Amino acid sequence: MTHATHPLLTRRRNALGTVGALTALTLSACGGGGSSSSSTSSNAALSGLSVSEEGLSPAFDAATTSYDLAVANTVASLKLVPTTAGADASVQVNGTTVASGSSTATVALAEGANTLSVVVTAADGSTARTYTVRVTRAPASASPDASLRALTLSSGELSPTFAAGTTAYTVAVANAVSMVTLTPTATSSAASIRINGVAVISGSASAAISLAVGTTTLTVRVTAQDKVTTRSYTIVVTRAATTVSSDASLKALVLSAGALTPAFASATSSYTATVANSVASVTVTPTATSAAATVSVNGVAVANGSNSGAIALAVGSNTVKIVVTAQDGGTSSTTTVVVTRAAASVSTDASLSALVLSSGSLSPSFAAATTSYTAAISNTVASLTLTPTTASSGAKVTVNGSTVASGSASSAITLAVGSNTLSIVVTAADGVTARTYTVVATRAATGTCTLTATETQGPYPLLAILSNSAMVRSNITEGKTGVPLTVTLTVQDVSNGCTPVSGAAVYIWHCDKDGLYSGYSTGTNAGQAGLTYLRGIQVTNSSGQVTFTTIYPGWYAGRITHIHAQVYLNDNLSVTATATTQLAFPQDATTAVYNSTLYSAKGQNSSVASFAADNVFSDGTSTEMVAISGSVASGYAANLTVNIA
C-alpha cells in the first residue's frame with residue numbers, strides 16, 4: 001500500500017531535517033509499510049518538554065527549538081522535564097544529564113534573562129540537537145499596573161465610555177460591519193496585552209476580528225510587568241441582523257447547581273431552586289432565543305449562552321434576575337430565580353483523631369474509639385504536655401479544664417510521683433455532644449525505673465566499624481536524603497537509682513529511606529558493601545546523653561520502622577555490649593513521613609501494618625517508643641531514655 005504525503009508532513013520533514021525524516025520513517029514502519037532496521041538511531045529530537053511554571057511560548061513542538069517563558073519576580077527557580085523521542089537518546093540540561101521523562105534539579109533564576117539549554121544526543125552518539133528556553137524573570141521592582149489607559153474600536157462606540165477602572169463594555173455595530181480591530185493602550189509601557197489570546201503591541205491595532213451576526217465577546221487581558229497582576233476587559237460586540245428583531249425571550253436557562261422549579265419553559269418567568277449549604281455560589285447560563293439579543297444577570301452583561309460570573313449565595317433565599325433585551329433595543333423581558341441555600345448542618349462528632357504525649361507513650365496505642373489510656377513516665381519527667389487533635393474542625397477540646405487548640409500542645413501539666421489522671425474533653429460543634437478521654441500517667445518513684453527491653457541486633461550490625469575511630473561522630477547521614485531526624489538518647493542505670501551513665505559508648509544504626517543498610521551486599525540489600533552511612537558512635541556526657549543527626553528511617557519487608565542501638569560501658573567497644581535494643585516510632589509520624597515526596601517511591605509499609613504484626617515489637621513497645629515532635633517540613637526530634645543494668 002502507498003500513502004500520499006500530506007503537505008504538513010512535508011513541511012515538518014523539512015523543518016526537522018534528518019531527524020524529521022527518521023521520525024516519518026518510523027511512523028511509516030508503525031503503519032505497516034516500512035521495513036525494520038537494527039542500525040543505531042540518529043533521532044535527537046524531544047517528544048516532550050514541560051516546565052514547572054506555565055506560559056511556555058510557543059507551545060512545545062518537536063520541530064521548534066527555541067522557546068520563551070516570562071515569570072514573576074517571586075518565581076526564583078523552576079524545573080524542566082525533557083522527554084526524548086528516541087528511546088536510547090540522552091539529554092542534558094545546562095550541562096547536567098537528566099533521565100528522559102524525569103525532572104531536573106531546581107534551576108535558580110536571576111532577575112532578567114536566563115537561558116536554559118537542553119541538548120539531546122541521539123543513540124548513535126554523534127547526532128545532537130539543542131533546544132533553548134529563554135526565561136525572563138521580572139525584576140523585584142516590576143510594576144503591578146495591569147490597567148489600560150485607552151481602548152478604541154475601528155467601528156462602533158464603547159458603552160459606557162472607556163475608563164481604566166471599568167472592565168465590561170458593550171458595542172453595537174451595523175450588520176455591514178463584519179470585522180473590527182481593537183487598539184488597547186496599557187497605562188504601563190512594560191505591561192503586555194493579549195486580545196482573545198493573541199499578543200498585541202500596546203497602542204497598536206489588533207488583527208481584524210470577524211463578527212458573527214449577534215454577539216461576539218472580545219477579551220483584552222493585560223499582564224503587568226511583575227507577570228503576576230492581570231486585568232481583563234471584555235467587550236461584547238453586537239452586530240445587527242439584516243432585520244431588527246424584537247424577540248426578548250429565553251430559549252434555555254441553566255444553573256450550575258440545583259434544579260429549576262418548575263422545569264424551564266420560555267413562557268415562564270419565575271423559578272425557584274434549592275442547593276446544599278456546601279454550595280456557596282452558582283453561575284447562571286441564559287440563552288436568548290434571538291442571537292442578536294443581549295443578556296444581563298443581576299445587572300452584569302453575559303454573553304448569550306455563556307456562564308455568568310459566580311453569584312455568592314447567603315444562607316436562605318437569594319434572588320437572581322435575568323434580563324433579555326431584544327435587538328430593537330426597546331423590547332425586554334425579566335426572569336427571576338430564587339435560589340435557597342440550606343443552613344449548615346452542625347457536626348455531632350466529639351472524637352479525637354490523635355493524642356500525643358510529650359513524654360512516654362500511650363497504652364494501648366491511640367484509637368479514636370478508645371477513651372482510656374495509661375502511660376509510664378520516668379521519675380526525671382516532672383511535667384508533660386498533651387497534644388489532642390479533634391476529628392471535626394468545629395469541635396472544641398479542653399485538657400484538665402483548660403481550652404487547647406486542636407493540634408496544639410497543652411500547657412505543661414505538673415506530675416506528682418505515682419498516678420496522675422489527665423482528662424481530655426471534646427465538645428462537638430453542636431455544643432451538646434461530648435466525649436471524655438482519660439490518660440493515667442504514672443510517674444516513677446525516685447530511684448526507680450523500668451529496664452529497657454532487650455532486642456536482637458538484627459542481620460546488619462557491622463560490628464567491625466566499632467574499631468574505626470572515624471565512626472565516632474554525631475552526624476551520620478553521609479549525604480543520604482530524607483526527612484531530617486535528631487535522636488537524643490539518655491542512658492540511666494536502674495541498679496543505681498536511675499542515675500545517668502556518663503562515659504558510655506552508644507552505637508546506633510538504621511536503614512535509609514529505601515530500606516537499605518550500609519556495609520552489606522545481599523539479595524535484598526545489594527551493592528552496599530564497604531559503605532558506612534547511617535551508622536555512628538557517641539559517648540554519653542555527664543547527663544548520660546548523646547545526640548545524633550540523621551534521617552527518618554525507611555522500611556523493608558518484614559519490619560516496621562525502627563533504629564538499632566547498643567550501649568558499651570566505659571567507652572569499651574571491644575567487649576560485648578551491655579545493652580542491645582531497638583527504637584520504635586509513633587505510627588502517626590511514620591504515616592506522615594511515608595506520605596511525603598522523598599518517601600513516595602515506597603509509600604506506606606505494605607508488609608507490616610502494626611506493632612502487633614512486627615516480629616520484634618509484637619510483645620510491646622512501652623520501654624522503646626520514642627517521644628517525638630516536629631513535622632515533615634521542619635524535621636523531627638526523637639527522645640528516649642535507655643535504662644540499663
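## The disulfide

Let's start with a bond you can look for in this predicted model: the count of disulfides comes to one. A disulfide is a covalent bond between the sulfur atoms of two cysteines. Here the partners are C449 and C498, with 2.1 Å from S to S. C449 sits in the loop between β36 (434-443) and β37 (484-493), while C498 sits in the loop between β37 and β38 (499-500), so the bond ties together parts that are 49 residues apart in sequence. Is this disulfide left-handed or right-handed? The torsion about the S-S bond of C449 and C498 is about -110°, so the disulfide is left-handed.

Now look around the two cysteines. Leaving aside neighbours within four places in sequence, C449 is in contact with Q492, V494, C498 and N643. One of these, V494, is 45 residues from C449 in sequence, yet the C-alpha atoms of the pair are 6.0 Å apart in space. As for C498, its relative accessible area is 11%, so it counts as buried. Another cysteine, C511, has a relative accessible area of 1% and is buried as well.

## The whole protein

Time to zoom out. How many helices and strands does the protein have? There are two helices and 45 strands. The radius of gyration is 35 Å, well over the 26 Å that the globule rule gives for 645 residues, so the protein is more spread out than a compact globule. If you turn the model along its principal axes, the C-alpha trace spans about 105 × 75 × 55 Å.

## A buried glycine in a loop

Next, find G515 in the loop between β39 (505-509) and β40 (535-539). Is G515 buried or exposed? With a relative accessibility of 7%, G515 counts as buried, because the cut-off for buried is under 20%.

Which residues does G515 touch, not counting those up to four places away in sequence? They are N525, W555, Y556 and K602. For one of them, N525, there is also a C-alpha distance to G515: the two residues are ten apart along the chain, and their C-alpha atoms are separated by 8.3 Å.

## A threonine in a strand

T223 belongs to strand β17, which covers residues 214-223. Its relative accessibility is 19%, and T223 therefore counts as buried, given that the cut-off is under 20%. Once neighbours within four places in sequence are left aside, T223 is in contact with A191, S192, T229 and T230.

## Backbone details: two cis prolines

Here are some backbone angles to check for yourself. The peptide bond from S57 to P58 is cis, with omega near -5°. P58 lies in the loop between β1 (46-51) and β2 (66-71).

A cis peptide bond also joins T261 and P262, where omega is about -5°. You can find P262 in the loop between β19 (250-255) and β20 (270-275).

## Backbone details: two asparagines with positive phi

Which angle stands out at N196? Phi is positive there, about 50°, although N196 is not a glycine. N196 sits in the loop between β14 (192-195) and β15 (198-200). Its relative accessibility is 41%, so N196 counts as partly exposed.

N400 also has a positive phi, near 50°, and it too is a residue other than glycine. Look for N400 in the loop between β32 (396-399) and β33 (402-404). At 40% relative accessibility, N400 counts as partly exposed.

Conventions. Residues numbered from 1 in each chain as written. Predicted model: local features only at pLDDT ≥ 70, side-chain atom pairs only at ≥ 80, totals over all residues. Heavy atoms only, no water. Helix = DSSP H or I, 4+ residues; strand = E, 2+ residues; numbered from the N terminus. Buried < 20%, exposed > 50% of the residue type's maximum accessible area, 1.4 Å probe, protein only. Contact = heavy atoms within 4.5 Å. Rg over C-alpha atoms; globule rule 2.2 N^0.38 Å. Disulfide = S-S within 2.5 Å.
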